[in-house]
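Good morning. I will go through one structure, a few residues at a time, and then step back to the chains.

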Amino acid sequence: MNLSNHIPILIIAIPLLAAFLVPLIGRINKKATGILTTLALSVSLVLTIVLAVKILSVGPQVYVFGATSPSLTLPSGLKFPIRIMFQIDAMGIFMGLITAVVSFVGAIYSLVFMKQHSGLDKYYSLLLLLTVGVFGMEFTGDIFNFFVFLEIASIASVALISFRGIDLGEPAEAGFKYMVVSSISALMVLFAVGIFYGQYDILNFAGIASVIKYSQLDKIALGLLIPVLAMKAGAVPMHMWTPDAYSEAPAPITMMLVAASQASLYALFRVVFSLYNISLNALTVGWIIIIFGLLSMFIGVTMAIIQKDIKRLMAYHAVSQTGYMFLGVGVGLAVLANPIALNQYGITAMEGGIFHIMNHAMYKGLLFLTAGALFFRTGTKNLDKMGGLAHSMKYTTIFFIIGAAAIAGLPPFNGFASKLLIYESVYRFNPLLSIIAMVVSILTLASFVKVFHSAFLGPKLPQFKEVKEVPRSMVFAMAVLSCIIIFFGLFPDLIVKNLVHPAVMSLIEQFKYTGTVLGGM
Amino acid sequence: MIGNLPYVAVVIFIGLGIYTLMFKKNLIKIAIGVVLIENGVNLFLITLGYKKRSNCPDLYPGTLRAGNGLANSSSTDSYQYSYRYRNYCPDIVGCHDDL
């Protein structure tokens with residue numbers, strides 16, 4: 001048996017196995033649960049990198065479940081695929097890499113951060129299940145299977161958001177909100193799946209994409225899918241759950257939630273580009289996505305400026321940064337039917353939007369971890385009560401500066417690279433959009449200067465005399481993300497050319513996506 | 001026309017569910033709203049299972065009419081069976097229009 005053919009399933013199977021082993025191990029040794037989780041996720045990370053190298057050099061990979069050979073998509077001469085399969089192209093593995101890094105760093109950070117909590121076996125079990133769900137959403141090539149993984153990720157995240165205790169009230173409220181939001185979106189996705197299955201009798205993404213007619217029913221399905229997936233991604237008219245869920249969850253979980261939201265964003269792009277592509281009215285749908293983006297950017301940042309709770313402030317910034325991704329990819333979609341404009345600036349805009357997904361996961365993860373570090377040592381999330389922490393938490397201060405500079409789009413960091421791509425290309429589509437994006441970036445900087453000033457600067461406060469630097473494993477987790485941010489900021493060309501451009505092209509070129517499964521390339 | 005009634009019920013279920021979610025403050029009622037949408041979607045999936053006046057798909061030309069010529073692979077067999085069930089095809093020879 002050649003194991004290298006089975007990497008796609010191993011990436012999911014190892015954390016899944018560990019998720020059910022962790023409660024058993026926890027009966028014997030409490031400490032071993034965290035270590036087992038970290039080990040399982042590090043294996044996943046290594047396998048994801050191996051798979052990424054394979055996909056970027058050889059081409060998209062297919063893994064068919066229950067077939068005699070994992071690459072046998074059409075058994076016995078069938079005309080369309082009938083089995084569940086994973087279909088991983090450059091875009092899927094791009095998201096997979098984000099999930100792998102974020103979950104691994106989150107597990108390391110949790111080792112000390114969650115130490116004083118009880119029920120850690122359940123915590124790690126849910127963390128692994130959340131990772132499995134997010135990986136599955138990104139790898140699957142089957143729309144019903146996507147619904148299943150969406151549910152796994154949602155249920156695990158609901159439990160994790162309210163993990164700090166239902167007695168406290170606020171975590172329970174945040175968990176309930178997220179539960180309602182995710183059950184509605186999962187049900188609407190199921191409804192859309194029903195519409196596709198009723199019309200075409202296929203559940204495979206590529207299979208549906210090859211026969212889709214953009215009939216009235218397909219329009220209804222698109223109208224169901226875009227809002228609910230945008231809701232799960234936290235776009236503005238449906239963003240009411242983000243500040244609660246992001247601020248009440250423990251810091252490493254918040255970081256994972258950002259990755260889970262981005263998996264929904266990925267699904268939205270997958271539906272629009274790989275399922276419908278030019279069969280839909282690209283200009284209209286593109287503008288709808290651009291408007292989601294504009295609203296998210298502007299309302300997100302203006303709500304963030306007035307917040308006093310550091311994690312709530314960062315949560316609103318997460319909404320605002322999601323807007324950039326919508327803007328970049330929306331512009332790419334709006335000019336999809338126009339090859340000249342697409343080559344001139346559409347592809348660059350999409351590269352900016354997609355690159356921003358990865359950058360956002362890294363710097364927002366880092367910022368949430370620094371907020372978690374402050375909470376870990378001071379016991380408060382209120383900015384008015386903090387002050388002078390730069391004296392005692394030197395590493396955390398440096399990491400915060402790196403994260404804040406990256407989110408505000410200052411040059412040597414990764415946020416600048418993707419934002420510049422978006423500004424330049426969106427300006428050629430519509431100058432006003434680009435100007436709004438720049439204003440939002442300045443407001444972002446303003447609000448992080450406020451956080452820096454009130455949390456870190458000033459004299460040493462008497463009530464924080466005992467505060468010292470966070471333990472080594474937490475510093476290590478933050479350092480990993482900081483290194484990635486600086487590396488991406490220094491060599492953006494390398495990443496855009498090797499990782500982002502193939503991802504964008506695999507979204508735009510629908511025939512390649514369907515051809516991987518159906519042949520005929 | 002009367003065959004479309006379940007779809008009308010689906011729309012009513014989901015509409016009521018969304019109304020409940022948007023305008024009720026009571027948490028129990030919100031949970032009931034989610035359940036209403038869930039019922040609507042499930043009813044939709046079940047209703048789709050029956051297609052009137054439809055024919056069996058002929059995945060392997062010639063094999064269906066022979067009566068015994070199912071494909072060798074067991075997984076494709078089960079797929080054909082489920083496919084026929086979806087199209088309400090109780091007989092291996094052909095479909096009944098009147099059911």
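Let me start with Ala373(A), which sits in helix H13 of chain A, residues 339-378. Helices here are DSSP runs of H or I with at least four residues, strands are runs of E with at least two, and both are numbered from the N terminus. Before going on, the ground rules: this is a predicted model, in which local features need pLDDT of at least 70, side-chain atom pairs count only at pLDDT 80 or more, and totals for chains, interfaces and linings use all residues. Residues are numbered from 1 along each chain as its sequence is written, while chains are lettered from A and ligands numbered from 1 in the order in which they are written.

Is Ala373(A) buried or exposed? Ala373(A) counts as buried, because it has 26 C-beta neighbours inside 10 Å. The cut-offs are these: 20 or more other C-beta atoms within 10 Å of a residue's own make it buried, 12 or fewer make it exposed, and anything in between is partly exposed, with C-beta atoms placed from the backbone. Leaving out residues up to four places away in sequence, Ala373(A) touches Met393(A), Thr396(A), Val470(A) and Met474(A). A contact means that two C-beta atoms, placed from the backbone, lie within 7 Å. By comparison of positions, Ala373(A) and Ile436(A) are 63 residues apart along the chain, and their C-alpha atoms are separated by 33 Å.

Next, Asn414(A), which is found in helix H15 of chain A. With 29 C-beta neighbours inside 10 Å, this asparagine also counts as buried. Which residues does Asn414(A) contact, leaving aside its neighbours within four places in sequence? They are Asn359(A), Met362(A), Tyr363(A), Ala406(A), Ile485(A), Phe488(A) and Gly489(A). Asn414(A) and Leu481(A) are 67 residues apart in sequence, and 11 Å apart in space from C-alpha to C-alpha.

Now the helix itself and its partner. Two packed helices are described by the angle between their axes and the distance between the axes. Helix H15 (residues 414-429) and helix H16 (residues 431-455), both of chain A, pack at about 150 degrees with their axes 6 Å apart. That makes H15(A) roughly antiparallel to H16(A). Axes are lines fitted to C-alpha atoms, for helices over the stretch in contact, and angles run from 0 to 180 degrees between N-to-C directions. Under 35 degrees counts as roughly parallel, over 145 as roughly antiparallel, 65 to 115 as roughly perpendicular, and the rest as oblique.

On the H15(A) side the contact includes Ile422(A), Tyr423(A) and Val426(A), and on the H16(A) side it includes Ala437(A) and Met438(A). The residues of this contact divide into nine nonpolar, two polar and one charged. Here Ala, Val, Leu, Ile, Met, Phe, Trp, Tyr, Cys and Pro count as nonpolar, Asp, Glu, Lys and Arg as charged, and the others, Gly among them, as polar.

Nonpolar residues bring us to the core. The largest nonpolar core has 215 residues, and those with the most contacts inside it are Leu130(A), Val189(A), Leu327(A), Leu366(A) and Ile485(A). Such a core is a set of buried Ala, Val, Leu, Ile, Met, Phe, Trp, Tyr and Cys residues joined through C-beta atoms within 7 Å. Beyond four places in sequence, Leu366(A) touches several residues, among them Phe399(A), Met478(A) and Ile485(A).

One backbone detail. Most residues other than glycine have a negative phi. Tyr214(A) is not a glycine, yet has a positive phi of about 55 degrees. Tyr214(A) lies in the loop between helix H7 (205-211) and helix H8 (216-233) of chain A. With 14 other C-beta atoms within 10 Å, Tyr214(A) is partly exposed.

Finally, the chains. Chain A has 19 helices and two strands, and 61% of its 521 residues count as buried. The C-alpha trace of chain A spans about 75 × 60 × 40 Å along its principal axes.

Chain B has three helices and zero strands. Of its 99 residues, 13% count as buried.
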